[in-house]
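Dear colleague,

I am passing on the structure that follows, together with some notes on what turned up when I went through it. Please read the notes with the coordinates open beside you.

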Amino acid sequence: MRLRFNLVLGLTLALLVIVCALGAGWIAPYDPVLHADLMNSEMPPSWEHPMGTDGQGRDVFSRVLYGAQVSLTVGLVSQLINSFIGTALGVSAGYFGGWWDDLVNGLTNVMLAIPSLVFALAIMAVLGPGLPSLLIALGLTNWSWTCRIARSSTLSLKNQGFVQAAVSAGFGDFNIMRTQILPNILGPVLVMATLGIGSAVLAEAALSFLGVGIRPPQPSWGNMLTDARELLRAAPWAAIYPGLAIFITVLGFNLLGDGMRDLLDPHMRTRKV
Amino acid sequence: MTHKESEPVLSVRDLRIGIGKQNAILHGVSFDILPGETYGLVGESGSGKSITGLSVMGLLKRPLQVTGGSILFRGQELLTLNSRARRRLRGDRMAMVFQEPMTALNPLATVGRQIAEMFVIHRGLRWSQARTKAVEALENVRVPSPEERARSYPHQLSGGMRQRVMIAMALACRPDLLIADEPTTALDVTVQAGVLELIAELSQAEGTAVLLVSHDLGVIANMCRRVGVMDQGRLVEEQDTRALFERPLHPYTRGLLAARPRLGSRTLAQRGRLTELDEVVSSDERGRDQPTLVTPRVFSGATP
């Protein structure tokens with residue numbers, strides 16, 4: 001029951017966000033940047049503006065929809081990079097051991113010691129604001145936990161009978177990692193990745209909030225919050241709805257990750273025998 | 001043909017294994033296995049029978065390492081072979097069946113896929129062909145409804161079935177040598193007989209030589225024509241199975257045979273414990289000359 005609930009709710013929320021992001025061009029009633037009706041600024045939610053308008057009279061609903069594009073791209077792509085780096089380093093370190101393991105371990109510790117947001121901030125400072133540098137910054141700073149989990153899982157798997165059996169069956173190192181170890185650590189890695197999507201969305205919001213993420217006329221949930229901060233009293237909806245969007249996205253992907261982990265466990269797969 | 005028949009598939013000469021160079025664990029073991037022959041290695045835990053098997057496969061883990069001797073496989077020296085060439089032999093020309101069928105299969109892949117992988121890796125078949133071959137292989141090890149079973153995951157199979165799958169994997173590429181390390185120890189007694197029979201039958205049909213490692217004298221008696229008895233890293237006796245049971249030459253073997261449970265003797269006291277041997281001193285003060293190999297024949301390259 002729990003499995004279904006997590007998975008269904010997570011999938012629903014994630015799909016909702018994905019549909020919003022992909023369909024922003026069709027759903028959004030106004031242009032997120034160009035439609036700035038200063039006469040109608042700070043309007044509360046109404047039929048015309050379902051989420052109200054912000055300080056410059058732009059439609060918050062449209063901006064939230066377009067912001068989903070940024071957030072999802074950042075979340076998915078940066079987590080893809082993170083998972084790839086973390087898994088590749090972790091599995092190879094755990095499998096080969098020796099100096100390579102020491103090196104990866106040291107690197108992981110260094111990464112863990114530096115607050116990732118500060119590191120991302122530094123990378124953004126070098127690369128300059130914008131979506132590509134945001135992807136790189138967040139993609140390079142959050143792989144350490146994935147790496148650790150991949151490494152420790154690999155270490156315990158390496159001594160399992162079936163890995164030994166694969167060695168005795170003439171599998172090469174790469175084949176063993178691909179066919180024996182990778183499928184068995186996919187569960188935790190996937191969970192880490194989906195959890196990471198949530199935190200990447202948050203990190204994007206934080207960086208944009210600090211002004212180094214997405215450049216202001218272009219809407220992102222983070223810079224929408226920055227804009228709304230000054231008129232929190234006058235137009236709280238300008239802050240509430242982007243915040244709610246972040247919340248829903250993070251929750252959705254976390255639940256999805258949880259549900260997927262249960263689904264990936266073959267003991268949960270019931271097949272008629 | 002007869003000329004080739006007489007040439008041993010595996011010829012282990014004075015094999016020494018140690019932890020580093022200093023601490024020897026295996027003190028020069030020598031034996032031959034002929035094509036189609038089933039050779040048994042018996043001995044108690046820690047006597048070195050398993051690491052003998054592992055070293056032939058090239059699966060010794062650090063800190064264990066081969067410190068001397070030679071392993072000839074079909075006339076080819078394995079110890080000087082590079083790791084890539086050895087890997088090509090593994091699973092293809094020589095295969096291994098492990099003790100625990102519960103853990104020796106990847107829990108996340110169907111057994112059909114795992115068998116099929118053998119054909120993909122060693123024969124370069126495409127997956128569709130390999131899958132058909134995998135079902136055939138399951139049929140060979142007499143798994144009922146192989147088509148369906150090929151789609152099962154290991155946890156859906158019983159211990160005996162899993163061991164059959166392991167055997168199917170090991171014999172997939174028709175190896176010249178099968179090393180079975182306690183293949184039935186983890187199984188029910190009722191299932192043991194079936195699995196052993198299967199190994200015997202398939203190896204005979206294919207002419208596969210088998211190195212059977214076991215502590216179970218009953219298993220050895222049923223399966224092997226020749227037996228080597230190991231004690232504390234030495235091969236102390238080698239004989240035809242029947243002769244071994246009738247006239248054990250080495251005192252250790254006599255002790256081993258005497259320690260078997262017998263019908264009618266119910267208590268440990270009646271059975272006789274594994275006797276301590278007069279000439280066997282504790283291993284740290286043991287000299288290089290003890291215990292000695294006792295054989296009815298003279299072996300070339302025997303113990304020092």
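For the feature "transmembrane region", the unreviewed UniProt entry lists residues 112–140, 189–214 and 234–256 of chain A, and since what you have is a predicted model, I have set out below how two of these spans look in it. In residues 189–214 of chain A the end C-alpha atoms lie 28 Å apart, and the span is 81% helix and 0% strand. For residues 234–256 of chain A, the end C-alpha atoms lie 36 Å apart, with 87% of the span in helix and 0% in strand.

UniProt, again in an unreviewed entry, also gives residues 68–257 of chain A as "domain: ABC transmembrane type-1". That span is 82% helix and 0% strand, and its end C-alpha atoms lie 19 Å apart.

As for chain A as a whole, the chain has 11 helices and zero strands, and its C-alpha atoms fill a box of roughly 75 × 50 × 25 Å along the principal axes. Of its 273 residues, 46% count as buried. Among the contacts in chain A between residues at least 6 apart in sequence, 70% join residues at least 24 apart.

On the α7(A) side the contact includes A:Trp145, A:Ile149 and A:Leu157, while among the residues they meet in α9(A) as a group are A:Ile185, A:Pro188 and A:Met192. By class, this contact of α7(A) with α9(A) has nine nonpolar and four polar residues, and no charged ones.

Turning to where the two chains touch, the contact takes 27 residues from chain B and 19 residues from chain A. On the chain B side, α3 (83–89), β6 (94–97) and α4 (111–123) each supply at least two residues, and the largest share, four residues, comes from α4(B). Sorted by class, the side of chain B that touches chain A has 14 nonpolar, seven polar and six charged residues.

Within chain B, α4(B) also packs against other helices. What is the angle at which the axes of α4(B) and α7 (residues 159–171) of chain B cross? The axes cross at roughly 20 degrees and come within 8 Å, and α4(B) and α7(B) are therefore roughly parallel to each other; the crossing is right-handed. In this contact B:Val111, B:Gln114, B:Ile115 and B:Met118 of α4(B) meet B:Val165, B:Ala168 and B:Met169 of α7(B), a set that divides into six nonpolar residues, one polar and no charged.

With α5 (residues 127–140) of chain B, the axis of α4(B) crosses at roughly 115 degrees, the two axes coming within 8 Å, and this crossing too is right-handed. The residues of α4(B) that take part include B:Ile115 and B:Phe119, and those of α5(B) include B:Trp127, B:Arg131 and B:Lys133. By class, the contact of α4(B) with α5(B) has 10 nonpolar residues, one polar and two charged.

With best wishes

Technical notes:
Residues numbered from 1 in each chain as written. Chains lettered and ligands numbered in written order. Predicted model: local features only at pLDDT ≥ 70, side-chain atom pairs only at ≥ 80, totals over all residues. Buried ≥ 20, exposed ≤ 12 C-beta atoms within 10 Å, placed from the backbone. Contact = placed C-beta atoms within 7 Å. Nonpolar A, V, L, I, M, F, W, Y, C, P; charged D, E, K, R; others polar. UniProt positions renumbered as here; feature names shortened; annotations may be inferred. Axes fitted to C-alpha atoms, helices over the stretch in contact; angles between N-to-C directions. Left-handed = near helix turned anticlockwise from the far one by under 90°. Parallel < 35°, antiparallel > 145°, perpendicular 65-115°, else oblique.
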